[in-house]
Amino acid sequence: MTTHRARRLRLADGRRRLRGHLHSAFWGFLTLSLVVTVEICVDIATSDLEDAIFAGLAALFVVTLAGVHSSRPIAWVTPLVAFGRRLYAWPARFAGCSGLNLRLDPTVRRGRFGWRPQVMATVTILVIALGLIEILVPASLRSGLGAISASLYLVVLVALWAGLIVAWFGYGILAGSLVADLRHARAENAGRLDAERPSGTWLTVAILVGSIVAALGGVSAVVPFAGLLGCVASALLILTVREAYATEIVFRSQDEAEEVGIPLPPFLLPQCLLAALIPMFLILVACGNEALGGDGGAIAMPVSTVLGRAAAWAACCGAGVMTFYFVGFVDRARRDRLERSVPKRIVAASLLSAPATAALAADGWQIFTAPEEAPRDAVPLDPKHVDASTPAAREALLRRRRVVLRRLVRRGLRRVLRRAARHEYREGAGFVIAPHLWFVPRLTRDEDESHPETRLGTFAQTLGPDWAAAISGAARQHLANVLGCLEIDLIFLEDGVGHAGLRRVLTVLYEVFDVHDGGRAVRDRDFAGLSGLCVLLHEYGPQTRFSSDVYPEPNFKDVSRARLLHVFKDRGGEEERDTVTSPRERVPMLV
């Protein structure tokens with residue numbers, strides 16, 4: 001009985017396997033028939049407009065095959081699906097996490113580049129090689145790859161169309177969003193408090209529709225291709241920012257456990273170049289030598305040519321606006337360098353004697369006689385310091401200058417925070433304040449707003465006017481000097497603390513700086529007398545994230561290492577104080 005049952009099971013298993021083999025063979029035969037049909041029909045077709053019909057039929061067959069495989073697996077399809085999944089996950093190997101290294105940790109290995117320059121070099125070589133081929137041997141994708149294999153040509157053609165559509169749509173949205181952010185930033189700098197954040201929808205629609213109309217009207221892709229070349233040349237300006245090399249990005253890829261510190265310009269350059277090189281490659285493949293001034297392949301590939309022209313104009317707009325952003329980045333670095341050498345200014349109104357004028361000029365002071373012509377950071381001359389030729393009088397002027405600069409910092413922070421208080425926030429715990437860092441243009445939140453009604457921007461979610469518009473350059477440089485001597489990289493201000501609380505904290509920072517002449521880092525206990533506030537210092541790093549059961553935990557996803565000053569509303573809880581001592585500690589204190 002047992003032998004008979006085992007025989008029946010073997011027979012049933014054999015029939016099941018046979019049905020599986022017949023099922024796989026049937027769909028294999030249909031697939032082979034489709035490939036042969038495509039090879040024959042594509043050779044007969046005269047343009048990619050007819051190829052699109054066969055590509056649609058092939059896509060419909062692939063969707064049907066995938067549906068059949070999901071309900072009843074096909075043996076030869078299973079390894080193809082596994083290969084496709086590995087291919088889809090392959091770009092994730094190059095992804096990684098990065099953050100600002102404001103502490104310049106010596107344990108981080110220094111490097112020149114990350115993975116992006118390797119990808120950039122590959123794309124650059126492909127663009128140059130394809131451009132040379134189109135110049136020397138003008139040919140379209142259809143006449144080149146179609147002569148080798150029609151099936152391979154259809155696969156590449158579908159991938160090309162998908163890439164062109166994504167580039168056309170993506171760069172159109174990017175251009176509209178970036179221009180909307182620029183318009184809003186300009187309104188904020190102008191002090192228009194009632195200005196709502198403009199929408200880039202209409203500009204996006206105009207770019208998308210205009211590019212399609214231009215492509216259908218036969219407008220050549222030469223001009224936008226030249227514009228993309230200009231974007232590539234403009235992106236190289238980032239390498240000229242000498243000050244940016246002192247700022248380091250810590251990068252760690254998915255397949256590397258070790259972190260690498262990369263200077264900011266080499267880290268940003270590949271991203272700028274790839275934004276222009278990738279659409280250039282797609283345009284060259286789609287339009288052929290038309291992008292270089294030739295007659296192109298519009299007759300043999302009308303669909304690809306139209307998509308290539310539309311993507312070219314949209315990519316030119318998007319990459320152009322992005323280049324404008326990075327040129328502004330270079331300009332901020334240049335202005336920061338100039339602000340470091342700004343002379344000390346004084347308004348004298350013709351009260352100074354010749355010896356005093358000579359002494360002040362020798363000491364680096366710039367004298368203004370008309371108050372209306374003097375900048376905001378100019379020190380008004382006290383009548384009792386008219387004789388500024390003595391060292392004591394000049395020392396009093398320096399103290400007065402500190403007061404003027406700190407007053408400008410206080411006013412600028414009050415303006416920015418009052419503007420930020422008008423907005424509604426659903427995510428994050430507070431604001432990140434860094435007017436002393438030139439690469440941080442405006443006030444930011446510790447976590448980006450993802451809800452459409454509270455979203456702060458598209459490219460960079462920032463708040464209020466530029467720091468450069470709210471606080472003068474000399475005042476920001478003074479604040480940078482104070483925070484640098486006190487070893488503070490960033491200030492986190494919890495929601496609800498407001499400008500009044502921040503002003504009290506800054507008063508303590510200025511006192512510590514003045515008493516110790518910038519020779520000691522600030523400590524937690526320096527803020528012990530601030531009622532209603534809890535000020536905590538924290539050495540932020542990969543293994544030392546801020547954690548508390550009493551106070552909110554800020555999210556600093558773009559920071560790798562920094563010394564943070566947290567300003568919270570006092571909740572009456574006891575937090576562990578930071579016991580990290582400064583190497584510059586040299587002032588004895590009684591315990």
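Biologist: How many helices and strands are there in the protein?
Modeller: This is a predicted model, in which local features need pLDDT of at least 70, side-chain atom pairs count only at pLDDT 80 or more, and totals for chains, interfaces and linings use all residues. Residues are numbered from 1 along each chain as its sequence is written, and side-chain values use heavy atoms, with hydrogens and water left out. Helices (DSSP runs of H or I, at least four residues) and strands (runs of E, at least two) are numbered from the N terminus. The protein has 15 helices and 13 strands.

Biologist: What percentage of the 591 residues is buried?
Modeller: Buried means under 20% relative accessible area, exposed over 50%, and partly exposed in between (1.4 Å probe, protein chains only). In this protein of 591 residues, the buried ones make up 45%.

Biologist: Which residues of the largest nonpolar core touch the most other members?
Modeller: A nonpolar core is a set of buried Ala, Val, Leu, Ile, Met, Phe, Trp, Tyr and Cys residues joined through side-chain atoms within 4.5 Å. The largest one here has 110 residues, and its largest share, 16 residues, comes from helix H9 (residues 264–287). Apart from it lies another core of 10 residues, including Val42 and Trp161. In the largest core, the members touching the most others are Leu443, Val505, Leu509, Phe527 and Leu565.

Biologist: Which residues is Leu565 in contact with, leaving aside its neighbours within four places in sequence?
Modeller: Contact means heavy atoms within 4.5 Å. With those neighbours left out, the partners of Leu565 are Ile488, Leu490, Ile491, Phe492, Val505, Leu509, Phe527, Val535, Leu536 and Leu537.

Biologist: How many disulfides does the structure hold?
Modeller: A disulfide is a pair of cysteine sulfur atoms within 2.5 Å. For Cys231, the nearest cysteine sulfur belongs to Cys316 and is 6.0 Å away, and Cys231 is in no disulfide. Cys231 is buried, with a relative accessible area of 8%, and Cys485 is buried too, at 15%. The number of disulfides is 0.

Biologist: Which helix gives the largest share of the lining of the second largest cavity?
Modeller: On a 1 Å grid over the protein atoms alone, a cavity is a set of points where a 1.4 Å probe fits but cannot get out, while a pocket is an open set with protein on both sides within 12 Å along at least five of seven lines; lining residues have an atom within 4 Å of a point. The second largest cavity holds about 60 Å³ of space, where a volume is the space filled by probe spheres set on grid points joined across faces, edges and corners. Cys231 is one of its lining residues, along with Cys272, Met322 and Phe326, among others. H8, H9 and helix H10 (302–340) each supply at least two lining residues, and the largest share, 4 residues, comes from H10.

Biologist: And which helix gives the most to the lining of the second largest pocket?
Modeller: That pocket has a volume of about 990 Å³. Of its 21 lining residues, the closest to its centre are Ala58, Val62, Leu65, Leu80 and Val155. Helices H1 (2–44), H2 (48–71), H3 (77–89) and H6 (150–189) are the elements giving two or more residues to the lining. With 8 residues, the one that gives the most is H2.

Biologist: Is His23 buried or exposed?
Modeller: His23 sits in helix H1. Not counting residues up to four places away in sequence, His23 touches Val68, Arg72, Pro73 and Ile74. Its relative accessible area is 12%, so His23 counts as buried.

Biologist: How far apart are the C-alpha atoms of Leu229 and Leu273?
Modeller: Leu229 lies in helix H8 (residues 222–235) and is partly exposed, with a relative accessible area of 45%. Leu229 and Leu273 are 44 residues apart along the chain, and their C-alpha atoms are separated by 9.7 Å.

Biologist: What is the phi of Asp517?
Modeller: Most residues other than glycine have a negative phi. Glu487, in the loop between helix H14 (473–485) and strand E11 (490–494), has a positive value near 60 degrees and is buried at 11% relative accessible area. Asp517 is in the loop between helix H15 (498–515) and strand E12 (533–540) and is exposed at 59%. Although Asp517 is not a glycine, its phi is positive, at about 55 degrees.
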